[in-house]
Each structure stands twice: as structure tokens, then as C-alpha cells.
Amino acid sequence: MTSFRRRLRRPVFLGPSAAVLLLAAAGCSATDSASIVVPTPAPEAAAYCRALHKELPKTVAGQERNDPGPQSELTAGWGDGAIVLRCGVDRPAKMDDPMAKATDANGVNWLLEQPEDAGPRFTTTYRKAYVEVSFSTAYAHDASPLAAFAAAIRKTVPSSL
């Protein structure tokens with residue numbers, strides 16, 4: 001029994017890779033909001049995005065604000081990843097397609113893209129910074145949440161026309 005006690009008192013060295021795995025696992029939980037890629041816009045567009053961030057609504061389509069990580073003034077979210085906004089994204093190549101689908105929501109024009117195995121993604125058109133809003137598949141046939149962003153976008157991201 002003495003040798004058993006000695007083993008318990010001995011410090012355990014996990015090694016660098018095991019320690020990293022433990023730290024990564026400790027940082028994850030089922031209630032964390034999804035992680036997204038933060039855009040890297042030009043300084044002028046970033047300034048518009050910071051202004052937009054301050055004007056975004058607290059709720060959209062009944063979903064409470066729950067920003068994804070990493071924290072940034074260029075991203076925002078509602079619900080548990082149901083609605084995600086990224087400001088300062090690159091101009092989508094799809095905007096060059098004359099057959100691309102678009103919609104208007106309270107005076108803001110949006111390009112519609114439907115990625116495989118995901119909900120719809122909308123990107124503003126005719127603005128000095130591109131704002132992208134992605135919806136979960138629950139909103140696959142409902143663009144009405146876009147209206148919640150119209151006033152904030154019109155106020156903070158000028159038209160490029």
C-alpha cells in the first residue's frame with residue numbers, strides 16, 4: 001500500500017501536447033456561440049463597420065444578441081448562431097453574375113447566396129462596406145430578418161452610388 005500512496009503523490013507530467021489538448025477541451029462547451037472568421041477590411045470600411053456595430057439591434061427575429069467569438073466590432077450574432085453578421089467582408093464574386101438573385105429590405109439591397117448545406121447568406125450591395133448576414137437553415141425561406149438591419153446600415157454605411 002505504501003507504493004500505491006507514493007504513486008498518488010507523484011506529480012503528473014502530461015507533456016506539452018497533452019496540456020494543449022486539455023486546455024482546448026476546457027475552453028469548449030455546448031453553450032459557447034460559434035466561432036467565425038473576422039473580416040479584415042480597409043480602414044475606411046472598418047470605420048463604417050465600427051459605427052454599425054454600435055447601432056445593431058438587441059434582438060432580431062425574436063433572437064437575443066449573442067455575439068460569436070472571437071469578439072470583434074466587425075461581427076455580431078443573434079440566437080445560438082441562428083443569425084450572424086460580418087461587416088467589411090470582401091465583395092462576393094457572385095455580384096458579377098447578371099443572373100444573381102437579390103432582394104430589398106427597407107431600402108437596403110442584398111445579394112442572395114445559398115451555400116451547400118447551410119442557410120442563406122445575404123451581402124449588401126451599393127454600400128461603401130459590404131455587410132454579410134448568414135442565417136441558419138431555420139430561415140432558409142425567410143429573408144424578413146434583414147429588415148431589422150436596414151435602419152442601422154442606412155445610418156452608418158453610406159451608399160456607393
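**Exercise 1. Work out the strand order of the open sheet, and find which strands stand at the edges.**

Step 1: In this predicted model, local features need pLDDT of at least 70, side-chain atom pairs count only at pLDDT 80 or more, and totals for chains, interfaces and linings use all residues. Residues are numbered from 1 along each chain as its sequence is written, and side-chain values use heavy atoms, with hydrogens and water left out.

Step 2: Recall the terms. Helices (H or I, at least four residues) and strands (E, at least two) are DSSP runs, numbered from the N terminus. Two strands pair if DSSP finds at least two bridges between them.

Step 3: Now read across the sheet. Its six strands follow the order E3-E4-E8-E7-E6-E5, and the pairing is antiparallel.

Step 4: Look at the ends of that order. Strands E3 (75-78) and E5 (101-105) each have a single partner strand, so one side of each is left without a neighbour in the sheet.

Step 5: E5 is joined to the antiparallel strand E6 (residues 108-113) by five bridges, and Asp104 stands opposite Asn109 in E6.

**Exercise 2. Find which residues of helix H3 are buried and which are exposed.**

Step 1: Place the helix. H3 (residues 43-55) lies across E3, strand E4 (83-89) and strand E8 (130-135), at about 155° to E4. Here, axes are lines fitted to C-alpha atoms, for helices over the stretch in contact, and angles run from 0 to 180 degrees between N-to-C directions; contact means heavy atoms within 4.5 Å.

Step 2: Sort by accessibility: buried means under 20% relative accessible area, exposed over 50%, and partly exposed in between (1.4 Å probe, protein chains only). Ala45, Ala46, Tyr48, Cys49, Leu52 and His53 of H3 are buried.

Step 3: Ask where they point. These residues cover an arc of only 160° around the axis (taken from the directions from the helix axis to the C-beta atoms), which puts them on the same side of H3. Pro43 and Lys54 are exposed on the other side.

Step 4: Find the partners. The buried residues of H3 pack against E3, E4, E8 and H4.

**Exercise 3. Locate the disulfide and give its handedness.**

Step 1: Search for a pair of cysteine sulfur atoms within 2.5 Å.

Step 2: Trace the chain. Cys49 sits in helix H3 and Cys87 in strand E4, 38 residues apart.

Step 3: Check the torsion. About the S-S bond of Cys49 and Cys87 it is about -75°, so the disulfide is left-handed.

Step 4: Finish with accessibility: both Cys49 and Cys87 are buried.
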